[in-house]
Amino acid sequence: MEFKYVIVGAGLAGLTMAERIANVWNEKVLVIEKRNHIGGNIYDSYNEDGILIHNYGPHIFHTKSEKVYQYLSEFTQWNDFWHRVLTYVDGNLVPMPITVETINKLYNLNLNVFEVEEFLHKQAEDIEEIKTSKDVALSKVGQDIYEKIFESYTKKQWGIDPAELDTSVISRIPIRLNRDTRYFADPYQGMPKHGYTKMCENMAKSKNIKIMLNTDYKEVIDDIKYDTLIYTGPTDYFYDYKHGKLSYRSINFEFETYDMDEFQEAPVVNYPNDYDYTRITEFKKLTWQEHKKTTICKEFPCAEGEPYYPFPTKDCKAQFSLYQEEMDKESKVIFIGRLAEYRYYNMDAVVERALDIFEQMDNK
Ligand SMILES: Cc1cc2nc3c(=O)[nH]c(=O)nc-3n(C[C@H](O)[C@H](O)[C@H](O)COP(=O)(O)OP(=O)(O)OC[C@H]3O[C@@H](n4cnc5c(N)ncnc54)[C@H](O)[C@@H]3O)c2cc1C
């Protein structure tokens, strides 16, 4: 078999590259995918009750990038969805991120925007050098809010204390000093009108794209002649774990369907302190599907299983840098995506990365 371009992985990174190569350059491209479906972790499907679920956890598209939004809009229309999250603390459901309403509900107060700013200012601790996620939280909201909202949630999510995690984990949670309870502030947000899988199918529609499912690339790669390999799988696997296995955090998703119209008040409810799961998602509240039943998903973070989140610690980053040195020496292989680059990318970031890499490539 001969293909100028071979792509490992039919997630968003692989499909964006495949779509560009096939449609802009009119070149043939083979995509090899070990799962039995395309889409990677953004895959969605209808369950036995006919409810559209996100099989690998809730995915909400949001971006500041007009380029990414326009690009994906070629393959889907969007529902005008604005994400909302509630957090269950001390028997109350409070909005996340932290807003004026969150503080008022948590402390049974009736402060205005300026008073909340002052309140948080008084709570915040003066930390000389911010090195960890715990430092970030303490310097923004102080000990009490840190304990109520962030500490246990982060421990459940990562299995270690926030004091051992680098700053990237908690710094992603914004504090909003107004009454806007939308979860994301990005100008472009939405849900693909017919789901993520449909959007991915549209990206892969070109006759130039051949997809081989249920196949680990190592089973077939020696029998394929190619000029360039675009690799979106795990880097440690690519190098046969020569610098050891990279650590990831995984999640067990438990789906439950109820004979009721609505299960909870918001699309996602976080449980920082109660229960073993971190959050519950109600899919109908994301997709706006009308159905007399409803399906929810509980997330139980765990150490073993599918690699979802690269571990954000100094040691893990140092270990990955050994692989990075090898990657930099490759002339026929392009590494892209959250597994290959061992970093957490949101959907928009991975598409942007793929578009940028494609623009730098030369189709000789
Ligand atoms: C629980 C969870 C929730 C998320 N929520 C959001 C959200 O709300 N909003 C957002 O913007 N982003 C979200 N993300 C991030 C989003 O999932 C990623 O940005 C996106 O999926 C990354 O795409 P990718 O192609 O890099 O990786 P993937 O989707 O993982 O695709 C990689 C593909 O490579 C395949 N593969 C791996 N090894 C091999 C092999 N040896 N041979 C063949 N194929 C192989 C895999 O099966 C997979 O299909 C979330 C991620 C998780 C884990």
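A residue counts as near a molecule if its C-beta atom, placed from the backbone, lies within 6 Å of it. Select the ligand and that shell: 36 residues surround the ligand, and the closest are Gly9, Gly11, Gly40, Gly233 and Gly337. Colour the shell by class and you get 19 nonpolar, eleven polar and six charged residues (Ala, Val, Leu, Ile, Met, Phe, Trp, Tyr, Cys and Pro are nonpolar, Asp, Glu, Lys and Arg charged, and the others, Gly among them, polar).

A word on what you're looking at: this is a predicted model, where local features need pLDDT of at least 70, side-chain atom pairs count only at pLDDT 80 or more, and totals for chains, interfaces and linings use all residues. Numbering runs from 1 along each chain as its sequence is written.

Next, pick α1 and α12, which each supply at least two residues of the ligand shell. Helices here are DSSP runs of H or I with at least four residues, strands runs of E with at least two, numbered from the N terminus.

Stay on α12, residues 347-360. Which of its residues are buried? Met347, Asp348, Val350, Val351, Arg353 and Ala354, buried meaning 20 or more other C-beta atoms (placed from the backbone) within 10 Å of a residue's own. Now show α1 (12-24), β5 (61-63) and α2 (66-73): the buried residues of α12 pack against these.

Finally, zoom out. The protein has twelve helices and 17 strands, and its C-alpha trace spans about 70 × 50 × 35 Å along the principal axes. Buried residues make up 39% of the 364.

Notes: Expected span 1.5 Å × (residues − 1). Buried ≥ 20, exposed ≤ 12 C-beta atoms within 10 Å, placed from the backbone. Contact = placed C-beta atoms within 7 Å.
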